[in-house]
Every structure is written in C-alpha cells, then in structure tokens.
Amino acid sequence: MTDLYRRESKSVSNMAQLRFFPQAIIGGKGSYLRGDDGRQLLDFSASWGAASLGHGHPSVREAITRAFSDQAGASYLSSANEPSVLLAEKLLSLVPPRSRGRVWLGHSGSDANETVARMVVAATGRQRILAFKGAYHGGTSGSMAVSGHPALKGVEKFGGLILVPYPNSYAKGDPAVASAAALAHLEEAFSGDVRPEEVAAFFIEPIQGDGGLLVPPVGFFAEIERFCRRHGILLVCDEVKFGLARSGLLHAFEHSGIEPDIVVFGKGLGGGLPISAVVGPEPIMNHSPTFSYQTLHGNPICASAALAVLETIEKDELVRNSAEVGSYMLASLSKRSRGWELVGDVRGKGLAIGIELVGDRVSRAPAKIQTALTVYRAFQLGLVMYYVGSNSNVLELTPPLTLSTSEADEGIAIIGQALQDVAAGKVSTDLISSFAGW
C-alpha cells in the first residue's frame with residue numbers, strides 16, 4: 001500500500017468507494033496511468049469507460065482550455081450558453097428520428113436515469129416501469145430504484161417497478177433458449193391483474209454491463225421493441241456505459257436494429273469530465289420547466305469537453321478502431337482461454353469485453369474469489385481492470401477507444417499470467433481481505 005493510498009484512507013470518506021486493490025494514481029497519458037509509486041499501469045477499465053479517449057487526450061484538453069479561458073458562465077439553468085447548445089444540437093443529429101426532440105444535460109448516468117424515471121411517469125400518467133434483473137442504472141435514490149442489480153438489494157425500489165430476467169446465453173447454454181425464457185417471463189409478468197398499458201417505460205441496456213457484460217441473443221430486443229410499440233410503452237435505452245463507439249458501433253442499440261424513444265448518455269461522453277445527456281421526443285422532454293435541475297447542469301466547460309469527444313470519435317474513426325481492435329481482442333482471448341482453466345466464457349462487442357470465470361466448465365459455478373484474486377494479481381503485474389456480474393465473476397474490459405493492437409496484446413498477456421497464477425494457487429486470499437469489491 002502506497003503513501004497516497006494511506007493518506008486517502010485518513011481523509012476521504014469510503015462511501016463512494018468500490019475498491020479491488022490499492023490503486024493510487026498521480027497522472028496518466030493515453031492508455032496508461034501512472035501510480036504514485038512510479039509504475040506505469042495499462043488501463044483496461046478507463047475508469048469504467050469514463051475516460052473514453054484515454055488520459056490527457058489533446059482534443060479534450062484544448063476544448064477545456066478554450067472554454068475556461070473565455071467562460072460562458074457555469075450553467076444553463078438561467079441562461080443559454082453556447083457550448084451546451086452546440087452539444088445538444090450535435091447529440092440530436094446522432095440519434096434516430098424517434099428520439100430526435102430535445103436534450104437534457106446532467107452530471108452523470110445516475111442523475112440522467114433518475115430524471116428519465118421521474119419524467120416518463122409524470123408525462124404519461126402511467127405508474128409502472130419495466131427493467132431487467134441485473135441492471136444497474138445508477139447510484140442515486142431514483143436511479144437505484146429502477147435498477148435490478150443484486151448489489152442494491154437493500155435499496156427501496158420504485159413502487160411500480162417490474163423486473164424481468166435479462167437473457168444469459170452462457171448460463172442457459174443456447175441463445176434461443178435464453179431469449180425464449182426471458183420473453184416468457186415478460187409475458188408472465190402481465191398474466192395477472194397488472195396490464196402492460198399501466199407501464200410508462202421499459203429501461204434497457206443493449207448490452208448489460210454490471211450484471212455481467214451480457215450480450216443479448218440476436219432478435220431479442222426486436223421482440224422487446226415490438227412489445228413496447230404494441231402497448232404504447234416508451235423504450236428507454238441506457239447507453240451510459242457502452243454507447244458512443246464502445247461497442248464497435250456508435251450506439252450499442254444499433255446491434256439490435258431497434259429505435260429507442262429515449263437515449264441516455266453518460267460516462268464516456270465527457271471524456272473524463274462529469275456530464276450526461278438524455279435525448280428524447282419533445283412532448284416528453286418538455287414535460288415541465290424546473291422538473292429536474294441542478295446549478296451546474298449544462299456546465300459549458302463539461303459541454304465543450306463532450307463536444308470534443310464526439311468530434312474526435314468521428315475525426316479519428318474511433319468506431320472503426322473499437323470494432324477492429326475489439327474483434328482482435330475477442331478472437332485472441334477466445335483462442336487463448338482454451339488453456340485458461342478458470343475461464344468459462346468470453347463475450348462482448350467492440351471494446352466492451354467480458355471474461356466469465358468459473359470453478360469448472362461443467363457446473364459453471366461462479367469463481368468469485370478467483371475473480372477478485374485475478375484482478376488483484378493483474379494490478380501487481382501492471383494492468384488495471386475490474387470485475388462485474390450478478391455473481392461477481394466477470395472480468396470487464398473497457399479500455400480507451402484509442403487502444404492499439406500492441407497495447408491489447410500487452411494486456412492480454414498480463415490477463416493470461418494472472419489467471420495462471422491464480423489457478424496455480426500462487427496468489428494469497430489475504431491480499432483481498434481489505435477490498436470488498438462488488
């Protein structure tokens with residue numbers, strides 16, 4: 001444990017901490033972080049995808065400098081400011097026609113999803129919301145209330161929330177079986193007194209993130225879209241984690257060929273600065289003035305950074321890079337995983353990849369302890385990655401969109417070494433005793 005990490009433990013509250021190993025950072029550039037011990041760490045998390053362009057990207061740095069040197073206020077609460085208008089106009093140009101109405105700007109995916117949850121109920125008069133088990137839509141009271149992740153068991157849920165299973169092709173052994181089972185549960189939810197016409201919106205993740213990096217079966221979300229259209233339910237697409245080039249397409253929902261009513265952006269939108277956005281139809285988005293606001297919403301410096309991120313994704317063809325490097329990583333990991341006894345499944349899209357660890361490949365029992373040990377050992381070897389999943393057994397890889405194949409090879413080699421060391425019993429469980437993780 002380094003000096004900076006010890007100092008933090010004596011000064012900073014742990015209520016906002018989700019820790020896996022004693023990481024203390026003083027700088028970073030590109031795909032690498034610099035620890036206070038001088039080590040260079042390859043970053044396969046990018047702060048859960050928030051540092052979408054890597055660390056210290058010149059486009060973001062220049063945009064922030066320009067915005068701050070001639071600052072257009074600090075908010076869009078009581079005045080229009082140019083950066084937030086430019087960002088809103090850009091976002092409207094990127095979404096499908098169905099959601100091309102108005103833009104709300106916030107600080108994070110959490111406040112964005114909370115705003116949507118409140119907004120759809122108030123605007124439609126319908127008192128129920130559909131979401132998936134395993135879904136994590138945020139860390140505020142309102143966003144947790146419509147989430148289905150087991151880590152939020154003690155949190156009070158929205159009174160009209162209905163949770164249905166997200167299809168897990170690996171657990172079910174077949175994508176078609178997983179899809180059919182999930183759709184059957186959806187139909188079952190309305191087999192009693194509850195009617196679909198009571199539901200305001202269905203919150204979806206086109207790829208489920210914290211629930212285990214689950215990739216839906218082909219055609220599953222087309223069925224969900226048909227269900228929503230049949231009953232007048234708004235389709236809310238949470239693109240916070242895997243949107244904006246992360247999945248190898250600009251929007252993760254494009255993989256499913258669907259058109260959401262409302263799209264939620266966050267994390268990587270700001271390239272490391274706090275900003276989120278909700279984009280949706282004007283009648284919903286303009287439900288009521290002062291419905292959801294905080295003083296620093298629409299901050300022009302954060303908006304300028306977000307606009308730079310979107311422009312850089314286009315200019316540097318990062319959708320293509322995500323698709324190509326991600327495909328390369330997925331193929332390499334899948335091939336090498338045959339020799340890694342702890343690996344049950346490798347899955348993902350673009351630069352959003354999950355590696356599920358199991359005790360054995362027959363029972364597929366979650367290897368929770370081994371997963372925690374693997375991320376710790378990888379950190380010792382110079383790689384930053386974390387784990388997710390309803391059973392806390394999926395290594396999550398969300399590196400910067402700028403990642404190169406040589407950096408991918410470097411990280412994959414470390415993952416392989418970490419997995420082998422853990423499988424061989426070379427990593428003590430004492431190392432993780434101070435780190436609760438998920």
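Mentor: One cut-off to begin with: a residue counts as buried under 20% relative accessible area. Also, this is a predicted model.
Trainee: Fine. Is Cys228 buried or exposed?
Mentor: Cys228 is buried, because its relative accessibility is 0%. Cys237 also has a relative accessible area of 0%, so it counts as buried.
Trainee: How many disulfides are in the whole structure?
Mentor: Zero, from a search of the whole structure. Cys228 is in none, and its nearest cysteine sulfur belongs to Cys237, 11 Å away.
Trainee: New topic, the open sheet. What is the strand order?
Mentor: S1-S2-S3-S13, four strands with mixed pairing.
Trainee: Which are the edge strands?
Mentor: S1, residues 25-29, and S13, residues 383-384; each pairs on one side only. S13 pairs with S3, residues 40-43, in the parallel sense, over two bridges. Asp43 has Val384 in S13 as its bridge partner.
Trainee: And helices H12 and H13, at what angle do they pack?
Mentor: About 130°, with axes 8 Å apart; H12 covers residues 368-381 and H13 covers 405-423. That angle makes H12 oblique to H13. The crossing is right-handed.
Trainee: Which residues meet there?
Mentor: From H12, they include Leu373, Arg377 and Leu381; on the H13 side, Ile414, Ala418 and Val422 are among them.

Terms used. Residues numbered from 1 in each chain as written. Predicted model: local features only at pLDDT ≥ 70, side-chain atom pairs only at ≥ 80, totals over all residues. Heavy atoms only, no water. Disulfide = S-S within 2.5 Å. Buried < 20%, exposed > 50% of the residue type's maximum accessible area, 1.4 Å probe, protein only. Pairing = 2+ DSSP bridges. Axes fitted to C-alpha atoms, helices over the stretch in contact; angles between N-to-C directions. Parallel < 35°, antiparallel > 145°, perpendicular 65-115°, else oblique. Left-handed = near helix turned anticlockwise from the far one by under 90°. Contact = heavy atoms within 4.5 Å.
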